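I opened this entry to record how two neighbouring parts of one chain meet. My notes follow the structure.

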Amino acid sequence: MTEALLDDIPVSRKLSQLAGLVDRYARPAHAVTHGGHVETIAAGHYTVSGLSRHVRLGEFVAHRSPSGIHLGEVIRVEPDVVYVCPIEPGEPIGIHDTIIRKGAFRIAPDDSWCGRTINALGEPIDGQGPLTPGHIRRPISNTAPPSMTRQRVETGFKTGVRAIDIFSPLCYGQRLGIFAGSGVGKSTLLSMLARADAFDKVVIALVGERGREVREFIEDTLGVHMAKSIAVVATSDESPMLRKMAPLSAVTIAEHFRDQGDNVLLIVDSVTRFAHAIREVAVAAGEPPIARGYPASVFTELPRLLERAGPGAEGAGTITAIISILVDGDNHNDPIADSTRGILDGHIVLERSLAEEGRYPPVNPLASISRLARKAWTPDQEKLVRRLKSLIHRFEETRDLRLIGGYRPGSDPDLDMAIKQVPIIYEVLKQSPGDKPANDAFADLANGLKNGAVR
């Protein structure tokens, strides 16, 4: 009877329970604590002697002061000293203060965290009391599942945003990037995607956001959907270490739910600020820049973060990741945008010119690509979208010619059709955060083309 009950438990859950037991009991009851002393203090880091033989790169240390215990991450190890970047800005630290090794930073996610807002350290900041820790303490700097053990991405879902569901549909376990300059509408589009009903859990990492926008996003945008969501927040005024840790903590929470069999939506806004935080930490460690001010560690950490999202092992759930990328100066080929585009499974491009025309969301359907679209489209839908893109391309490439009166109607039937139908398509794609999500984007498009009326 017991064996029959155990056989009903998914393999992923058995592995998670085993990992929890190993984490709880494999460590010695009286672990040796290693300590050192502060040698030098600089603006972005301090050095510690006496720990070089005992710590590893990326581990955490603790400093006790009259105001409490303060954490720092080891960012460089030399034979005589280690470099430590403090977690909190303005930490009160002095020469010869004692520093204790803590090891890898871990959090213990739990189902009861849904509906809560926490910081990068896994501490509540919403004033609703302490969090209940889970049974498994997970390191936030984890590795992605082995590629050959993962499920295949096969099933599409509806986001409720017509511009995406028609031209760049998504699948469970996909990783999509939203590329745009500042003030074009990334956060607004993310807020519309966060309300999708296709997911069991939603984990949101707000990295480097304005402090005033946090409550607006949680209370106004998510609203009732916050009951199944967890928000991890590191605002722009917080230290680079906290801004670096926020996406790592968020994906660790998402992995907890994925291992339980849930379909999880992970939103990171934005990965560019995550890269900026890594750059600040790397510069403090003395790492030289290699591409427009970015050190090599930035391009190492980006795939390590993004590859952790996606489908889980057989029997587990999925993490569908929607990542926003802030392109500097509207240059979509800047190092972070270019590197991220090659890692993700598709990209949505938001154009400033479309936003200036009043078309929201300002999605460019010709530049936006979902590499898994064929798994979400039916054959007829795929054929239709190809035809729509052809019409939009003809309409846009002849815009200047038509504005100067250089085209005579009737000379090109395809262009005549584009002139008639593309403005209607653009009108159907318009959607604001206050609009009801689209249940069937293709039906809405068909009705719009049939009626030919501007809404």
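I looked up the burial between domain 1 and domain 2 and found about 910 Å², 72% of it on carbon and sulfur atoms; buried area is the accessible area (1.4 Å probe) that two parts lose on being put together, summed over both. Glu73, Ile75 and Ile87 supply 44% of what domain 1 buries against domain 2, more than any other three residues.

I noted that the model is predicted, that local features need pLDDT of at least 70 and side-chain atom pairs pLDDT 80 or more, and that totals for chains, interfaces and linings use all residues. Residues are numbered from 1 along each chain as its sequence is written, and side-chain values use heavy atoms, with hydrogens and water left out.

I then checked the bounds, which come from an automatic or database domain assignment: domain 1 spans 31–104, domain 2 spans 107–376 and domain 3 spans 380–453. The C-alpha centres of domain 1 and domain 2 are 30 Å apart. To their contact (heavy atoms within 4.5 Å), domain 1 gives 11 residues and domain 2 gives 10.

I next looked for charge pairing and found one salt bridge between domain 1 and domain 2, the term requiring a side-chain nitrogen of Lys or Arg within 4 Å of a carboxyl oxygen of Asp or Glu. Lys244 and Glu73 pair through their side chains in a salt bridge at 3.5 Å, N to O.
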